Amino acid sequence: MKYEYDFSNLLGTVYRNGDIIFSKDGNTVICPVGNKISLYDLRNNRSHTLPIEARCNYTSLALSPNGLILIAAEEEGEVHIININYRKVIYKRRFNRPIKSISFSPDGKHFALTKENSVFVYCSPGSNKRVFDPFVLERVFHGANDDTTCLDWSFDSKLLAIGSRDMTTRIYPISKMKNLREYSIGGNKDTIVGVFFEEKSLDLYTVAANGHVNLWECSIDPEGLVKEEDIYNKKLEDKEHEEEEDDVPQTQEEREEERNKNSLVTKEKENPDKFFYRRRLRLFMDKHLTSNRICVTAATFHKKTRLMVVACASGDFLLLDMTDDGSLLHSLNISDQTISSVRMNDSGDWLALGVSSLGQLLVWEWQSESYILKQQGHFNNMRTVVYSPDGLNVATGGEDGKVKMWSTQSSFCFVTFSEHTAAITGLSFTQSGRAILSSSLDGTVRAFDLTRYRNFKTFTSHRPTQFSCVSVDSSGELVAAGGQDSHDIYLWSLQTGRLLEVLAGHEGPVVSIQFSRQPGSTMMVSTGWDATVKVWDAIQNTTAKETISIPSDGLCVTLRPDGKQLAVATLDGQITMFNPESGGQEGNIIGRSDLGAGRADADKITAKKNLQSKAFTTLCYSSDGKCLLAGGQSKNVCIYSIEDELLIKKFEITQNRSFDAMDLCCQNKAINENFVDLSLLRIHDHNVPSTLALPSTTSPIIATTTY
């Protein structure tokens, strides 16, 4: 039997961090989501994620003028050249340092990127048909005294403006000019956030982090730039010109006129106009905002309409009309968190804004003052995920207390339920798919109507308790939830909302329960931290019908679709199958070695030793009941054959090195930097720095589901 698994799409997160850009037609938003890139089609209301994956999170994006080549840089400095049509990475190159900004020239022949205090200019892929290397270095500029932050090209692709953290803006020519080598612009008191040339002009805008926007007027027109002549090429041109003169006879008057013209051109080239900038306009953003301290985090400028957008750390953004000396068109607050990226489409009608801390992506039409797209993922970890019975929707629950419904066809979130006040611990659809139930650590189980999108029932216990799991029977009449601190199972009626029974018997927290999917069956299984699996009849008896001892604490239990077998994952890394009627064991899988484990930078033990603490935390049967899908405290998901008790397939959910403990080993330098003597922490608190980096681990796989 051959199994094929291809990446389809990415749900649960719409934006993480980095640049947001538009496609050339202005109808698609391209933004990084961790170490992947998602494309959101605003016209057709669909989205898809490119089947590529970087080693770390993407931070900078740039699209070529023809819209075919996408250049993406990750946070550790690896740059990928991606073909949008074929959706593949065609070339990679490591710069070993973060890349803050990337930009293509308007003519598409070059692209520039910033690295530390330098800017590198390369020939664009495919611009030179005789060279196959996509990274052909053209120029390097080393003028900045601190890290470069932003850059922009002039309309004719002859000049490059570069902003940096040293509060200056520098202008460089791509080709050697007689009247311009390098020009530095000061006058700012904070980091340069954005630099923008005007359309058909060399006038320049600079935006500083303190909210100062300056317009700098150039002393010359674009035609006033005089290019230095290449001696070798000049000799060849003169020789060709002499040969042409020999072939075509000229009169003495024609020769004198030509000499006069050449002398005038020579004088103009020898004495070109002086290149410099002077400030023409200065704007202060603090007069438009009520915040005491202005901190500009992102800016963009639309050259055709001369509209500028300035985004701030307070969640506000300002739309300025630069044709009217920076008059304010709109001011809007979209969040109380920092806006990390902003961009306008080519027509200048839509604004795309990203808030990295909330995972929020917005597209706003400023003329009608309406949202074209408003999506937000979980801004904290997701704890559970489940498919709807028809497979068209996916529900996710996070530690932020939100339940989100996602469409598998459009990949958009179409409803968010925010009634819970604590982390979501479990989700379960009714058999009809018209309602979903959620359990939470806030002590409630809530039922949500998926037709009217409202919370129509709230279930509570007779005394406050935190619920760790939830399940609903096949008829949709009974709702069961396990208590984390009371060690009991609570049974409610979905129609009346009345508490029917309290099933006692577990001696530890109940971590997983599930009803049988068979129509008319009221059988339910549960497991907890008391090293037992209990089989219940939810209607007839209030005591456990069968109690099965397991070698270690139970972490997850699931029933086969026909209800004739159950599987339980235990703390010792094993998966054991039992017959729920007789309680006899039918199989055992030792899968701890299949989980795999990495070593974090702050770990003092090896990855092999760390593996001994790993276990499966979620299980799910396939629809035919022949395979078992298992995931846990690892980046790996395993598929096992139940009959053969063998591993069929193991694949990685992610290869993102931005997470900790992704590698099997780590550098000794990182260990030494994160080492803290605990004796110093206990005895001499004042000798230990106050900002200690706490070790974090790879996000575990908290739920698996099939449909």
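**Figure 1. Surroundings of Ser410.** Leaving aside residues up to four places away in sequence, Ser410 touches Asn45, Arg46 and Ser47 (contact means heavy atoms within 4.5 Å). This is a predicted model, in which local features need pLDDT of at least 70 and side-chain atom pairs count only at pLDDT 80 or more, while totals for chains, interfaces and linings use all residues. Residues are numbered from 1 along each chain as its sequence is written, and side-chain values use heavy atoms, with hydrogens and water left out. Ser410 and Arg46 are 364 residues apart along the chain, and their C-alpha atoms are separated by 4.3 Å. Ser410 lies in the loop between β31 (403–407) and β32 (413–417); strands (E, at least two residues) and helices (H or I, at least four) are DSSP runs, numbered from the N terminus. With a relative accessible area of 13%, Ser410 is buried (buried means under 20% relative accessible area, exposed over 50%, partly exposed in between, with a 1.4 Å probe and protein chains only).

**Figure 2. The ring pair Tyr183 and Phe275.** The whole structure holds 23 aromatic pairs; rings of Phe, Tyr and Trp (its six-membered ring) pair if their centres lie within 6.5 Å, and planes under 30 degrees apart count as stacked, over 60 as edge-to-face and the rest as tilted. The ring centres of Tyr183 and Phe275 are 5.9 Å apart and the planes stand at 80 degrees, so the pair is edge-to-face. Tyr183 belongs to strand β16 (residues 183–185) and Phe275 to the loop between α2 (252–270) and β20 (277–284), so that the pair links parts of the chain 92 residues apart. Phe275 is buried, at a relative accessible area of 5%.

**Figure 3. The ring pair Phe616 and Tyr640.** Here the ring centres of Phe616 and Tyr640 are 6.1 Å apart and the planes are at 90 degrees, which makes the pair edge-to-face. Phe616 is in strand β49 (residues 616–621) and Tyr640 in strand β51 (residues 636–641), 24 residues apart. Phe616 counts as buried at 0% relative accessibility, and Tyr640 counts as buried at 1%.

**Figure 4. An aromatic cluster and charges over rings.** One aromatic cluster is formed by Tyr91, Phe95, Phe104, Phe111, Phe120, Tyr122 and Phe135. Over the face of Phe95 lies Arg93, at 5.7 Å from the ring centre; a charge sits over a ring if NZ of Lys or CZ of Arg is within 6 Å of the ring centre and within 35 degrees of the ring normal. The charged end of Lys374 is placed over the ring of Tyr371, 4.9 Å from its centre.
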